[in-house]
Amino acid sequence: MDTNILDKIIAHKVKEVAERKSLFPTKLLEKSIYFPSKTVSLKKYVTREDMSGIIAEIKRRSPSQGDIHPNVSVERTSIGYMQAGASALSILTDKTFFGGTSEDLTLARKYNFCPILRKEFIIDEYQIVEAKSIGADAILLIAAVLDTPKIKQLSTFAQSLGLEVLMEVHDEAELGGNLMESIDLIGVNNRDLKTFKVDIENSIRLSSAIPNNFVKVSESGISKPETIVKLMGHGFKGFLMGQNFMENNRPEKACADFIKNLKALKAKSVA
């Protein structure tokens, strides 16, 4: 996503949030059956030794790629991802730019006990209440679009509702003053926002700048099990993967094959 696209998404999000607030007031969202439910820890699941660390994503389209898998079955894919050995799910809920919906997340919640990350451009506390009401366990905050006081406000509010917070950064400047107690996981996006170029080395470059009390997640551009093994050597525990699976007719099958190969590779490196 170039920054113009990012600006466009945020400008649209401001209008969208205002409209949703008038249609579905906070009081209404708080009546959802999921609102009082206990959340499942994303942090705990991605760091479990018996799991892959993979946060498998359901993504129908993207501004840079266009349609990826517009008619994906959320039910079949989410269940398949978990059976394949993924640690968690990431569900894109932005409709205008990514073709996702809040209903996609609720549907995944209905069929799975695992942690679910709401992948969204969050700019307002309302969207965090919404995340809890649709069944999410964790939210994404993007440092590129939020200043430090806003990150502090939103992450503290999310934690007060029992949600965990994954903060996404692209460079050291975004890490800056954002290493706060109200952040649970730090995701390094390997995709350059201006050029769309993907560079896994970005995660490796930033790994030493992220203190060990944060769970490290590498995002974007992972297509080989070897890459995960390499990233693990730099302290990464979580691996957000969407496109690599979603470009397949059966994303869950692609995920199962990937995890099988990853397990074999890890066993080999231990032997």
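The largest pocket in this structure has a volume of about 460 Å³. A pocket here is an open set of points on a 1 Å grid over the protein atoms alone, with protein on both sides within 12 Å along at least five of seven lines, and its lining residues have an atom within 4 Å of a point. Grid points are joined across faces, edges and corners, and a volume is the space filled by probe spheres set on the points.

Before I continue, a word on the source. This is a predicted model, in which local features need pLDDT of at least 70 and side-chain atom pairs count only at pLDDT 80 or more, while totals for chains, interfaces and linings use all residues. Residues are numbered from 1 along each chain as its sequence is written, and side-chain values use heavy atoms, with hydrogens and water left out.

To return to the largest pocket: 29 residues line it, and Lys59, Lys119, Asn189, Arg191 and Ser220 are the closest to its centre. Two or more lining residues come from each of strand E6 (138–142), strand E10 (236–241) and helix H11 (243–246); helices (H or I, at least four residues) and strands (E, at least two) are DSSP runs, numbered from the N terminus. By class, this lining has 12 nonpolar, 10 polar and seven charged residues. Ala, Val, Leu, Ile, Met, Phe, Trp, Tyr, Cys and Pro count as nonpolar, Asp, Glu, Lys and Arg as charged, and the others, Gly among them, as polar.

The second largest pocket has a volume of about 390 Å³. Of its 18 lining residues, Arg20, Ser102, Glu103, Glu130 and Ile134 lie nearest the centre. Helices H1 (3–23), H2 (26–29), H5 (102–111) and H6 (125–133) each supply at least two residues, and H5 gives the most, with three. This lining divides into four nonpolar, seven polar and seven charged residues.

Helix H6 also packs in a pair. The axes of H6 and helix H7 (residues 148–160) come within 10 Å and cross at roughly 25 degrees. H6 is therefore roughly parallel to H7, a term for angles under 35 degrees. Axes are lines fitted to C-alpha atoms, for helices over the stretch in contact, and angles run from 0 to 180 degrees between N-to-C directions. In H6, Glu125, Ile128 and Val129 meet Gln153, Leu154, Phe157 and Ala158 of H7, contact meaning heavy atoms within 4.5 Å. That contact has five nonpolar, one polar and one charged residues.

Definitions and conventions. 1 Å grid on protein atoms, 1.4 Å probe; cavity = no way out; pocket = protein on both sides within 12 Å on 5 of 7 lines; lining within 4 Å. Parallel < 35°, antiparallel > 145°, perpendicular 65-115°, else oblique.
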